[in-house]
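Dear colleague,

Please find the structure below, followed by a short account of what was found in it.

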Amino acid sequence: MIPRFLLGTGRADGVRHQASLGALAPAGVAATVVYVLFIGLPIVALLARAGQQEGFLAGLTGELVMQALRLTVITSMVSMVVVVVVGTPFALLLARRRSTVLRVIDTFVELPIVLPPVVAGVAMLMAFGRNGLLGPALGGLGVTLPFTTAAVIFAQVFVAAPFYIRAARIGFAGVDPTYEEVSQTLGVSPWATFWRLTLPVAWPSLLTGLTLAWARAVSEFGATIMFAGNLTGRTQTMPLAIMTAMESSLGSALALSVLLLAMSVLALAALSVLLRRTGSTA
Amino acid sequence: MNSGLFALALATAAFVLSVAAGGCAASASQEAAPVDTVTVFAAASLAEPFRAVADAFEAGQPGVEVTFNFAGSQALRTQLEHGARADVFASADWEQMAAIRKASLLGNTPEYFATNRLAVVAPVGSSAVESLDDLARPGVSIAIASAEAPAGAYARATLDLMAESADFPDNFAESVLANVVTNETNVLAVAQKVALGEVDAGIVYETDAKTGQLDGSFRVVEIPLQFNPAAEYPIAALGEAANPQVALDFIEFVQGDDGQAILRDYGFAPPANVACPCHDAVPTGSVAPSTTR
């Protein structure tokens, strides 16, 4: 009665859960169908409409789309460099050391995930704006942050970093410290131990976290429009360009939406290929 | 690991729920009579005057409640085109109203009900922009509304008029636009960026300038009349209005003496001409004439 592929077979624990589902199985299947349609239908509708929309192909190569794409790719890449450089040692410390201060910090690492992004934007304006907490000091150095490309990167790092740090901390926590101790008693330096032991073992988690963080940075909207404004070529990333285009040219808005969708799918696919290559199923 | 955050979240949720419950109990006791709701989609620049107009309208119409959606007129147009339900649309320019009319979404013939103009505003504590010429000076940061928004379209037209005149250099408009650091989706967002002091100047409506000047948020640099064409605001009922009669009553109130007096208080001028440029006679849908009440 229930299609076999929906119930799934194979892994031992899967079979056990299937047996214990009992009368709940039909409800589970119905919920699955509803959910898949709920997520799938809008995406299919987006693609179908984009295919018919006048000005879609022109929009794909238009100046608005190209500038937003270029800016989004560059800023999100820079953001990820910042997130990795700062986030990796931070996550390692969180995973290895125990102290009250660190525990409090650990609790608040995930705050930007639950904080509405627009609140993050207002908060950054209050901190780094011209009249913000650090505004006068920054102004004295000749630095203005709001409404610059740097502000876009600030906003992306703020909202995206926790996704990487959280995954990295879990990844590092999964590396047995005794191996690291053994490595070092054998005369391998802490740096080399990190590069040759800790990093390869934690790699799948880091990669997953980085992909999620990148996807979040690319989709960042609320904090960006509040703190970085909306200027083509300088601060107008793809989500902002979609909103602007929605009010003038649906073709461009659809072109940008399809591009962002493709980028997300590619990121997921690349992640799964890379994880398989490293022989893990994180 | 995250029990601290979880506890914090629980405490916050409990607080919010208790406040919300208190609010519900209070409002439940007040709302006894059935309520006729009229939903008004109005340009962001109408936010303050229309709230005052609605208060006066509701005072004279027991059982009627006005709810608003304020945004850039072009954003409201997009929402209406994509199926948003509303009873009344008040736009800051004719373009957005014309698009709604062309899509056969109107229930009556739009009419102008108010006139606005533009002004340059600057933060109180900044001296970067003291005159219109300063707008073109390199290094000045300016916020304006996006070209899609009426306030942004008017601002660009005004800059073009200045550039065409002998009083300003030929490249004045380009120089000013080169100083623009953000294209906001509506005029209130422009005013907010100026009030925060995050930009050196912004181009907003005179009405926004007046409000902000009164509460000390910004200084105003006036734009002479010859460069400052009238921004005329049309209003119309929508064809799918849930309460066509209440919608027409609200429009009539806005156009009447009481509504016009409130709009004048907020700095709007009366319309130069009530009739909109409706060249072709498009059938106007199913709304009953407003004289039946």
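This is a predicted model: local features need pLDDT of at least 70, side-chain atom pairs count only at pLDDT 80 or more; totals for chains, interfaces and linings use all residues.

In which sense do S4(B) and strand S10 of chain B pair, and over how many bridges? S4(B) and strand S10 (residues 231–237) of chain B pair in the antiparallel sense, over five bridges; two strands pair if DSSP finds at least two bridges between them.

Residues are numbered from 1 along each chain as its sequence is written, while chains are lettered from A and ligands numbered from 1 in the order in which they are written.

Both strands belong to an open sheet of five strands with mixed pairing, in the order S2-S1-S3-S10-S4 (chain B). Strand S2 (64–71) and strand S4 (111–116) of chain B have a single partner strand each, so one side of each is left without a neighbour in the sheet.

Chain B has 10 helices and 10 strands, which are DSSP runs (helices H or I, at least four residues; strands E, at least two) numbered from the N terminus. Of the 293 residues in chain B, 47% are buried (20 or more other C-beta atoms within 10 Å of the residue's own, with C-beta atoms placed from the backbone).

The contact between the chains takes 16 residues from chain A and 18 residues from chain B, where two residues are in contact if their C-beta atoms, placed from the backbone, lie within 7 Å. On the side of chain B that touches chain A, the largest share, five residues, comes from S7(B).

Note on methods. A residue is buried if 20 or more other C-beta atoms lie within 10 Å of its own, exposed if 12 or fewer, and partly exposed in between; C-beta atoms are placed from the backbone.
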